[in-house]
Amino acid sequence: MKKQLLIGAMMALTSLMSYAQAVPKIHVSVTDKQCEPMALHVAAGKTQFIIKNNSMRALEWEILNGVMVVAERENIAPGFYQKMTVNLEPGEYQTTCGLLTNPHGSLTVSGAHDYQIKPQDLVAIAAEYKFYMIVKTRQLHAWLQQGGTAVPPDMQSAYYSLRSLIPAYGQEAPPDYLAPLDLPQLTEQVARWQKTVRNHTLSLAQLNSQIIRVLSQPLSPQTQWSGVYTNVAKWIDIVMPLSQKLDAAQAQKLSSDLEHWRQHHTAKARLALQHQIMQWVKRLQQENRS
């Protein structure tokens, strides 16, 4: 009996040692001014972080996803370290580095993922974009109720945002009643848009197709570009959490191509972004079928 217990204990110890060896270990030093290193790169899955406090005061170390705390270790005394094992999905994260005034570090998690797309992921994207469009129609309606004739830039952007998306509902491209300004027609048009957006929800496929379609067309003047840019930027903002779970590198490319188009209003930049969005939609379709 004692022999069997000894063998069992040895097997458990061996298994535990194998597990410990299999989990990658990342050492992080936190000084009074920053983390060392400031940029971390790990593969998706479990990673053990060993955090050493090389500052003059007790601190905590956190992994952040936006404003959400993914994992943390608190009250690490000066000169001591703590260990933290975290199971991370692909994406871009941040790390705290001691004092609140210190810059955040970056944590990139890449590699194969095991995230399975859920129906609510796709529904949430469509629902959030619908709310975005409802807000745009409300902004335009409120401005028209004020009876002004001068069109401020934010209302121009809101108008051309909606005007570029309405065809996704199966309607023809609406006429432009903003340039030149035709207040009676514009008021009726915005009222119809409010009803359409409130009573109908675009599927994610319809939304994706329209975003790709508007990027295939030349955009001028600046007011129209601003409206379409706002739509595309909002779409990327909404799909980003899911994109990071599926492919962190592709998510980063979406962001960088959008920023490049913002800085360079060229056809080349616009079409490069369109191509990247098409690749993302294709990836989404493949993942959703698997």
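The lining of the second largest pocket has five nonpolar, four polar and three charged residues. In this scheme Ala, Val, Leu, Ile, Met, Phe, Trp, Tyr, Cys and Pro count as nonpolar, Asp, Glu, Lys and Arg as charged, and the others, Gly among them, as polar. This is a predicted model: local features need pLDDT of at least 70, side-chain atom pairs count only at pLDDT 80 or more, and totals for chains, interfaces and linings use all residues. Residues are numbered from 1 along each chain as its sequence is written, and side-chain values use heavy atoms, with hydrogens and water left out.

**Pockets**

- The second largest pocket has a volume of about 190 Å³. A pocket is an open set of points on a 1 Å grid over the protein atoms alone, where a 1.4 Å probe fits, with protein on both sides within 12 Å along at least five of seven lines. Lining residues have an atom within 4 Å of a point. Points are joined across faces, edges and corners, and the volume is the space filled by probe spheres set on them.
- Among the residues that line the second largest pocket are Asn 65, Pro 90, Tyr 93 and Gln 244. The elements giving two or more residues to this lining are β7, β8 (91-95) and α6. Such helices (H or I, at least four residues) and strands (E, at least two) are DSSP runs, numbered from the N terminus.
- The largest pocket has a volume of about 280 Å³. Its lining has 14 residues, and Arg 163, Ser 164, Val 214, Gln 217 and Val 228 lie nearest the centre. Two or more lining residues come from each of α3 (153-165), α5 (204-215) and α6.
- By class, the lining of the largest pocket has eight nonpolar, four polar and two charged residues.

- Gln 244 sits in helix α6 (residues 222-246). Gln 244 counts as buried because its relative accessibility is 15%. Buried means under 20% relative accessible area, exposed over 50%, and partly exposed in between (1.4 Å probe, protein chains only).
- Leaving aside neighbours within four places in sequence, Gln 244 is in contact (heavy atoms within 4.5 Å) with Asn 65, Pro 90, Gly 91, Glu 92 and Ala 251.
- Pro 218 is in the loop between α5 and α6. Pro 218 has 69% relative accessibility, so it counts as exposed. Pro 218 and Asn 54 are 164 residues apart in sequence and 55 Å apart in space, C-alpha to C-alpha.

**Aromatic rings**

- The whole structure holds eight aromatic pairs. Rings of Phe, Tyr and Trp (its six-membered ring) pair if their centres lie within 6.5 Å; planes under 30 degrees apart count as stacked, over 60 as edge-to-face and the rest as tilted.
- Phe 49 and Trp 61 form a tilted pair, 5.4 Å centre to centre with 45° between the planes. This pair links distant parts of the chain: Phe 49 is in strand β4 (residues 45-53) and Trp 61 in strand β5 (residues 59-65), 12 residues apart.
- Phe 49 is buried, at 0% relative accessibility. Trp 61 is buried too, with a relative accessible area of 0%.
- Tyr 159, Tyr 160 and Trp 193 are linked into a cluster by ring pairs.

**Sheet**

- Four strands make an open sheet, in the order β2-β1-β4-β7, with mixed pairing. Two strands pair if DSSP finds at least two bridges between them.
- The edge strands, β2 (35-36) and β7 (81-88), each pair on one side only.
- Strand β1 (residues 25-30) pairs with β2 in the antiparallel sense over two bridges. Cys 35 in β2 is the bridge partner of Val 30.
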